[in-house]
Amino acid sequence: ALDALAHCQFEHCVDPPSLALIVPVLHRGLRERSAQSKRKTAHITGNMCSLLAERRDIVPYLNLLLPELQSVLHDPIPEVRATGAKALGRLCAGLGEEQFPDLLPWLLSSLSTDGSAVERAGAAQGLAEVLSALGDAKVAELLPTILEGCTDASSADAREGFSMLWVHLPAVLGSRFEPFLEDALPAILSGLADDASSVRDTCFRGA
């Protein structure tokens, strides 16, 4: 079913009855063990908004799909996390921040989790894609929070998680990141002297 969807050339917009058939397949695909299945499903899910006649038609299904996409961000395989992050970004770009009221708080809290580095890396990738989709004004709005997280004296895990944004934000934003360099670069350079080797390594990648 996923292969059929991935190779389908849509000749008309996807309507609500079609979504009722497609979404259960996507929901199942996001829960598969296979990395290839999860990547393929996340890619299709991210592209869904561009196929809809009315983008709001997918809103009733977000409660079903969003938790699974969030789980994909914690996948141990980097390529799977990257595809899931891009899917979240495309959904935010197509539907707007108001349809995802809990997503940004969840991503920010995941950056400072004391769990695995994989979870923090997935959150950083997801947040970078979502911020890119929401626009430069949203990046500027959250930048003080990011900088504060990079200097969190109480948690090396949090400093590492927030510092991972310096790896992903420039890659996602490209030249759009340039206005934020003046604030970001001192934080990156400061991280190179951090007591925790994980923070130093992350800031080195960011630099």
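Just after α10, G174 adopts a positive phi of about 65°; here helices (H or I, at least four residues) and strands (E, at least two) are DSSP runs, numbered from the N terminus. This is a predicted model, in which local features need pLDDT of at least 70 and side-chain atom pairs count only at pLDDT 80 or more, whereas totals for chains, interfaces and linings use all residues. Residues are numbered from 1 along each chain as its sequence is written, and side-chain values use heavy atoms, with hydrogens and water left out.

Helix α10 itself spans residues 165-173, and its L165, W166, V167, H168, L169 and L173 are buried, buried meaning under 20% relative accessible area, exposed over 50% and partly exposed in between (1.4 Å probe, protein chains only). The cover over these buried residues includes α6, α7, α8 (136-150), α9 (156-163), α11 (181-191) and α12 (197-206), where contact means heavy atoms within 4.5 Å.

Two of these covering helices, α6 (residues 103-111) and α7 (residues 117-134), also pack against each other at an angle of about 145°, with their axes 8 Å apart; axes are lines fitted to C-alpha atoms, for helices over the stretch in contact, and angles run from 0 to 180 degrees between N-to-C directions. From α6, L103, L104, L107, L108, S110 and L111 meet E119, R120, A123, A124, G126, L127, V130, L131 and L134 of α7. The residues of this contact divide into eleven nonpolar, two polar and two charged, with Ala, Val, Leu, Ile, Met, Phe, Trp, Tyr, Cys and Pro counted as nonpolar, Asp, Glu, Lys and Arg as charged, and the others, Gly among them, as polar.

A disulfide is a pair of cysteine sulfur atoms within 2.5 Å, and by this rule the count is zero. C49 is in no disulfide, the nearest cysteine sulfur, that of C92, being 9.3 Å away. Both cysteines are listed below.

| Cysteine | Relative accessibility | Class |
|---|---|---|
| C49 | 4% | buried |
| C92 | 2% | buried |

The protein chain has twelve helices and zero strands. Its C-alpha atoms fill a box of roughly 55 × 35 × 25 Å, taken along the principal axes, and 48% of its 207 residues count as buried. Among contacts between residues at least 6 apart in sequence, 64% join residues at least 24 apart.
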